[in-house]
Amino acid sequence: MLVEIFIQNFVLIDDLRLELGPGLNVLTGETGAGKSIIIDALGLIMGDRMKSEYIRDSSRKTVIEAVFDIHGYEEMCLFLIEKGLLGAEETTLIISREVLPSGRSSARINGRNLPISSLKILMTNLVDLHVQHDQLQVLKPERYLQYVDSFNVQTEERLGKVKDLYNRWRSAQQKLDQLQSSQNHQAQRIDFLSYQIKELEEAGLKAGEEEELQELRGRISNAAQLLAGGQKLLSLLYRSDHVNSAYDQIAMALDTVRSLQSESFFQGLVKPLEEMYYRLEDMAAQISPYLDGLDFDPGLLDEVEGRLHEIERLKSKYGNNVEEILAYLNEARSELEELQAGGLQKEQLEQEVDQLSKIYHKEANYLTEARKEGAQLLEQMVHKELQELHMPHIQFMVSIDTRSKPGPAGLDQIDFLFSPNPGEEMQPLARVASGGEISRFVLALKKALAQVYHVPTLIFDEIDVGVGGSALAAMAIKLKEFSVSHQIILVTHAPQVASYADHHYLIEKSIKNGQTFTGVRLLAGEEHIREIARMLGGELFSEITLQHAREMVLQADE
């Protein structure tokens, strides 16, 4: 609920503080007194664009501030707490718009800066502003679906299913479209991968092969030197036709110490000499086959060089070493397998898309039936309200047609059709209704939606324009009824409406020091009655008019 609005340096207002209450708040005053200025100020709180002509004194800042009590609106409180805009125990929301003399403007909620776009979204949940130049906002076709859905409890559950199915269906269709659009590219990729895999498989690379070949190449290149050195080493260590080898020397030494081992000193030399003896045998056993292996075929070096060249060629294409090349081969095989399975994947996706489409349309049809029930109930409620607003001949119908394309909200396109007189063709409301008819219809619609329309504050700027007589009296009663469940703020020139006010405010203009100012004050008791008399008979109203005003207020109270 809007508790208070503060306006400073705005058009004809210097400083104005207006405290509002629950129920029906009525703002009246002479033409030109500045009632629309307050509505414009509220529009800025709603996120409207700040105009330069709004600023009264360009040397001072302009401030519009509104205080809301959101106690009982738990979802909104939780949302604001999560956004860091409200304390855990707070239920008061202070929203301000400020324009500095430099032209810089800002919006704040509880002292925290907020983008105007975010302010607009938030305020749609706090205030419904209905003004003459923009009175068809409530009749925007994109809102009709929400209105109808609120009249059937089954709709919310079915709508959730339809949204989920639509998202899954769309996701599967997108995957299928991507798969189909890339089929030519996939065919080229399959050919390319097949060629690479064949090339690598035919190469038959093995991990560590390059290092082994490089070592073998070194041995072949140095084979003569290695053979000569190895043979000399073998003759020195184990066998020789010209000199005693180390093996022979150790053997003779071993025979000598064995002959002297009766002496403990020489006995201690037997074991070390035996170890040397056997160690030389082992070394000779290793050297001999190594020397045998140095007998290479004449063409082996060319073969090794050719293999190493092939490895270098493959490294330039697939990796820095044989291990990376083999890893790429495994990745290529996996990708090729996935691409070759694309045909099966496409078939599976086509089946999934077809199945989801069928289930979606089935659930969407259930949703349509639920909406038809809700539409029928909405029609009945609006007709009832229109009857009470003295519009018995008006025909109203909720039209449910099939959308051109399925969507997350189902298959339905909803329109509100209207015929002001019997025998006239039903047409979209905004196209055929006059101002007064639209005003009464908007009121009837909002009243019909009262139980599901959770915006706490509704502001009407001269909604009664174009309405007179008994219809105006009926509208006044309807506004009073509406104010039981919602806070209503109403600018009016109609005494019939003003007589039902829970809180009556007079907007009046004054001139001080050659300057014009707009002010506001709360009327009560006799002042309330005298303002209604002025609205009935003008400034020079008679005693009869005053008595009439008293009767109107008394009747409204009853």
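**Aromatic pairs and a loop asparagine**

In this predicted model, tyrosine 166 has a relative accessible area of 15% and is therefore counted as buried, since the cut-off for that class is under 20%. Tyrosine 360 is likewise buried, with a relative accessible area of 0%.

A search of the whole structure finds nine aromatic pairs. A pair of aromatic rings is described by the distance of the centres and the angle of the planes. In one of the pairs, tyrosine 147 and phenylalanine 416 are stacked, with 6.3 Å from centre to centre and 25° between the planes. This pair links distant parts of the chain, as tyrosine 147 belongs to helix H4 (residues 141-149) and phenylalanine 416 to strand E10 (residues 410-419), 269 residues apart. Both tyrosine 147 and phenylalanine 416 are buried. Tyrosine 166 and tyrosine 360 form a tilted aromatic pair, for which the centres are 5.9 Å apart and the planes make an angle of 50°. Here, too, distant parts of the chain are linked, with tyrosine 166 in helix H5 (residues 153-181) and tyrosine 360 in helix H13 (residues 342-388), 194 residues apart. Tyr147 and Phe416 also belong to one aromatic cluster, together with Tyr144 and Phe396.

Asparagine 125 is placed in the loop between helix H3 (116-123) and strand E8 (127-130), and its relative accessibility of 42% means that asparagine 125 counts as partly exposed. When residues up to four places away in sequence are not counted, asparagine 125 touches Met76, His454, Val455 and Pro456. The C-alpha atoms of asparagine 125 and tyrosine 360 are separated by 31 Å, the two residues being 235 residues apart along the chain.

Notes:
Residues are numbered from 1 along each chain as its sequence is written. This is a predicted model: local features need pLDDT of at least 70, side-chain atom pairs count only at pLDDT 80 or more; totals for chains, interfaces and linings use all residues. Side-chain values use heavy atoms; hydrogens and water are left out. Rings of Phe, Tyr and Trp (its six-membered ring) pair if their centres lie within 6.5 Å; planes under 30 degrees apart count as stacked, over 60 as edge-to-face and the rest as tilted. Helices (H or I, at least four residues) and strands (E, at least two) are DSSP runs, numbered from the N terminus. Buried means under 20% relative accessible area, exposed over 50%, partly exposed in between (1.4 Å probe, protein chains only). Contact means heavy atoms within 4.5 Å.
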